[in-house]
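Work through the exercises below with the sequence and the model at hand. Each task is followed by a stepwise solution.

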Amino acid sequence: MTITSLLAVGRDIQWDKLGIAIGIAFGVSLVLGGLILLISRFCQVHEDPRIKEIESCLAGANCGACGHPGCSGFAKALVEGTAQLDACGQTPVEKRIEISNILGVAVEGGAEPTIAMVACCGGSKCQDKYSYQGYGDCVSQNLLAGGRKACDVGCMGSGSCVDACPYLAIECREGYAHVDPDLCRSCGLCIQTCPKKLISRVPVSATVYVACSSQCRGKDVMSKCQAGCIACGKCERNCPTGAIVLVNNVPIIDYSKCVRCGKCLEGCPRQCIKYVHPERVKGSSETAEQAK
């Protein structure tokens with residue numbers, strides 16, 4: 001294209017109208033830009049700075065065992081007051097205290113670390129109501145009439161908690177799950193996985209725990225399980241400090257009152273109160289046998 005033709009094209013352009021169009025576009029862009037700035041200023045979501053502080057104190061495992069999407073989600077829930085600090089078993093004691101200081105609250109659940117224990121010792125001593133054929137874990141079995149055990153809250157011993165534990169702290173023996181307290185890190189994944197909700201945390205200093213969750217009366221328990229608690233109340237009566245009470249036919253231990261005397265276990269006719277560390281028990285062969 002020659003210079004003459006370019007000049008001809010330029011003469012055909014209505015420069016006044018082009019200038020108006022450019023001016024309008026520029027004005028509209030200024031207005032929209034201003035609106036965006038105003039909206040971003042007044043509608044900005046301000047994140048509580050404590051969230052980042054708390055997240056930096058958490059274990060950082062992002063395991064989801066607390067029921068929240070990772071440590072950042074748990075930290076946000078703590079600040080909002082919709083979560084409890086003791087839901088995370090992997091946070092060290094000193095960090096729990098630091099988080100409590102950030103939140104301005106007392107340390108929840110105490111400053112003592114915890115371990116998981118299984119509140120069932122029935123296993124092979126508990127009757128089956130049917131023979132299960134299929135994929136073998138507890139979660140799958142529970143979909144069929146609540147599992148194969150005659151006891152509605154009986155451990156099926158098929159290892160869903162074993163598969164969930166990242167520390168290899170759980171194994172199934174005698175038809176039910178056992179936690180190795182020396183390997184347990186109280187992460188809570190087994191608690192979340194168990195379809196019967198049989199696993200709970202106890203203080204790491206605990207001497208005994210209740211290995212039964214049945215709320216049935218003694219006669220009903222005896223018709224289904226040879227090891228289940230019959231709610232006889234001997235443990236409650238034998239406890240010298242009142243640390244054990246029967247609630248809905250289940251012994252509940254108040255560990256703040258427990259003096260670790262072991263009298264509750266010695267008086268249990270069904271041997272459903274167990275030592276947390278049976279290998280450390282010193283005493284008669286009868287007591288050692290009960291602790292297993």
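**Exercise 1.** In helix H5, how many residues apart are Lys-95 and Glu-98, and what does this separation amount to in helical turns?

Solution. The model is a predicted one.
Step 1: Lys-95 and Glu-98 are three residues apart in helix H5, which means a separation of about one helical turn.
Step 2: their side chains meet in a salt bridge, at 3.6 Å from N to O.
Step 3: Lys-95 has 29% relative accessibility and counts as partly exposed; Glu-98, at 35%, is partly exposed too.

**Exercise 2.** Find how helix H3 and helix H5 are oriented to each other.

Solution.
Step 1: the axes of H3 (residues 49–57) and H5 (residues 93–103) come within 9 Å and cross at roughly 170 degrees.
Step 2: angles over 145 degrees count as roughly antiparallel, so H3 and H5 are roughly antiparallel to each other.
Step 3: Arg-50, Glu-53, Ile-54 and Cys-57 in H3 meet Lys-95, Glu-98, Ile-99, Ile-102 and Leu-103 in H5. The residues of this contact divide into five nonpolar, no polar and four charged.

**Exercise 3.** Describe the salt bridge between Lys-149 and Asp-128 and where its partners lie.

Solution.
Step 1: the side chains of Lys-149 and Asp-128 meet at 3.0 Å, N to O.
Step 2: Lys-149 lies in the loop between helices H6 and H7, and Asp-128 in the loop between strand E1 and H6, so the pair ties together parts 21 residues apart in sequence.
Step 3: Lys-149 is buried, with a relative accessible area of 4%, whereas Asp-128 is partly exposed at 42%.
Step 4: salt bridges that share partners join Asp-128, Arg-148 and Lys-149 into one network.

Key: Residues are numbered from 1 along each chain as its sequence is written. This is a predicted model: local features need pLDDT of at least 70, side-chain atom pairs count only at pLDDT 80 or more; totals for chains, interfaces and linings use all residues. Side-chain values use heavy atoms; hydrogens and water are left out. Axes are lines fitted to C-alpha atoms, for helices over the stretch in contact, and angles run from 0 to 180 degrees between N-to-C directions. Helices (H or I, at least four residues) and strands (E, at least two) are DSSP runs, numbered from the N terminus. Angles under 35 degrees count as roughly parallel, over 145 as roughly antiparallel, 65 to 115 as roughly perpendicular and the rest as oblique. Contact means heavy atoms within 4.5 Å. Ala, Val, Leu, Ile, Met, Phe, Trp, Tyr, Cys and Pro count as nonpolar, Asp, Glu, Lys and Arg as charged, and the others, Gly among them, as polar. A salt bridge is a side-chain nitrogen of Lys or Arg within 4 Å of a carboxyl oxygen of Asp or Glu. Buried means under 20% relative accessible area, exposed over 50%, partly exposed in between (1.4 Å probe, protein chains only).
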